[in-house]
Amino acid sequence: IEGAVDEDGRDGKASGGPFGDGKNQQGIIFYNNLIDRLLLLGIIPIVTLSHWDIPQALDDEYGGLLSPEITKDFLDFANLCFTEFGDRVKHWITFCGPWSVAYTGYGTGTIAPGRGVSSSAVETFAARSLLPPDLTFSQSYRTRIHRDASGDPGTEPYLVGHHQLLAHAAAVKLYRENYESTQKGKIGIILQQIWPVALTDTEEDRAAAQRCKDYMLGCMKDFVGSRLPAFTDEESKMVKGSYDFIALNYYTAAYVRDAPEAADGPPSVVTDPRIAYERIDEIDDPSLTRWECLTDHWRVSYYQRHLSNLKRAISEDEVNVKGYFIWSLTDNFEWGASIYSRFGNAYIDYDNGHTRNPKLSAEWFKVHLLKPTPR
């Protein structure tokens, strides 16, 4: 389950917001019914509080994620969700992909609120292979989105990331102090990583691959410098250890190379790591027939090989893996890629009433999940 209790996203706060009291009782009823139904069917609900966007009212009122005010309102919203759903929800995720929110919302401007560099600059970055592969959307999408030219791609993405971490840590603190002992749940965050492979075996490209990992998951101070907001001692103490689990989105891999030429021009979140990406060809193709989409042998092969290696990581390397999520259950409206990236396990026939048809991969999983677990 992802998102807020307000279906149009415009309500301001869980209490006392600019749109009445901000509490959508119909939304609460909807999610209560959904959670109850999932549990009845033996499905464990894992709830994401914020997936990319925030209520428009908060963006209008004080700049949304650009302001430290967001922590108070996120805490208010989290408290509402813990109160309403926490008796049945035992797994909470605060933010999904905070790096992507900061990068695409305030750097490239290709996702709401559309702040950052100009449309022409995004096209230039794409032509120079400076954009990560899963963020290189179609040209029509990149040029259509509303853009706010006042954004600063060299500072705002880092400020937004900073505020997301503080809001996350505050919500974890709230849960641990007020709810954990009675609700017996766990809380964490979803991070994101493109797996980088050095394009060549040169020292420069190997270093670029390491920078890519650091840039999305690790230390950024080395190439951002004073533009990276600092935590106070109290904030650092709150952020440190603020998770019971860490989830990781890994959608794709890419060859990367050192790109010193990216230093040309003003600083931005796109050019700071000095990396160029060489995209790997995709199998997804909008021209595939219905039958070709349904017989996704290559997806079954991926699942077999990947899950086999995941099992080895658990048994041989003692990696503490607690779960694995497929993206996605069905074909879906996938951000800038629209409905054309058919990587679901069920085929959606958009021309015939959105009927759902299981692909070969769904049938494989059905058999795989019913196999007894070796002792």
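**Notes on the predicted model**

1. Accessible areas here come from the Shrake-Rupley method with a 1.4 Å probe, and for residues only the protein chains shown count as cover. Keep in mind that this is a predicted model, where local features need pLDDT of at least 70, side-chain atom pairs count only at pLDDT 80 or more, and totals for chains, interfaces and linings use all residues. Residues are numbered from 1 along each chain as its sequence is written, and side-chain values use heavy atoms, with hydrogens and water left out.

2. On confidence: pLDDT is the predictor's confidence in each residue, from 0 to 100. The protein chain averages 86, and 86% of the residues score at least 70. Residues 15-20 fall below 50, and this stretch has eleven contacts in the model beyond near neighbours in sequence (contact means heavy atoms within 4.5 Å). Residues 136-144 also stay under 50, with 22 contacts beyond four places in sequence. Where pLDDT is low, the predicted coordinates should not be read in detail.

3. Overall make-up: the protein chain has 14 helices and nine strands. These are DSSP runs numbered from the N terminus, helices being H or I with at least four residues and strands E with at least two. Of the 375 residues, 44% are buried (buried means under 20% relative accessible area, exposed over 50%, partly exposed in between, with a 1.4 Å probe and protein chains only). Taking contacts between residues at least 6 apart in sequence, 70% join residues at least 24 apart.

4. Now the inside. A nonpolar core is a set of buried Ala, Val, Leu, Ile, Met, Phe, Trp, Tyr and Cys residues joined through side-chain atoms within 4.5 Å. The largest one has 26 residues, and Y103, L130, Y215 and V270 have the most contacts inside it. At least two residues of this core come from each of helix 4 (98-106), helix 5 (119-127), helix 9 (203-217), helix 10 (221-224), strand 6 and strand 7 (275-278). Helix 9 gives the most, with four residues. Another core, of 23 residues, lies apart from it and includes Y31, A78, L174 and Y175.

5. Leaving aside neighbours within four places in sequence, V270 is in contact with Y103, T108, F125, L130, L131 and Y215.

6. Back to the surface: W195, V197, L199 and Y255 form a nonpolar patch with about 370 Å² of accessible area together. Patches are made of residues with over 30% relative accessible area and no salt bridge, joining like charges within 9 Å and nonpolar side chains (Val, Leu, Ile, Met, Phe, Trp, Tyr) within 5 Å. Y255 sits in strand 6 (residues 253-258) and is partly exposed, at 39% relative accessible area.

7. Last, the charges. The structure holds 17 salt bridges, each a side-chain nitrogen of Lys or Arg within 4 Å of a carboxyl oxygen of Asp or Glu. D258 pairs with R211, the closest N and O atoms being 2.9 Å apart; this links distant parts of the chain, with D258 in strand 6 and R211 in helix 9, 47 residues apart. D201 bridges to R206 at 3.3 Å between the closest N and O atoms; D201 is exposed at 63% relative accessible area, while R206 is partly exposed at 43%. R257 and E261 also meet in a salt bridge (3.2 Å, N to O).
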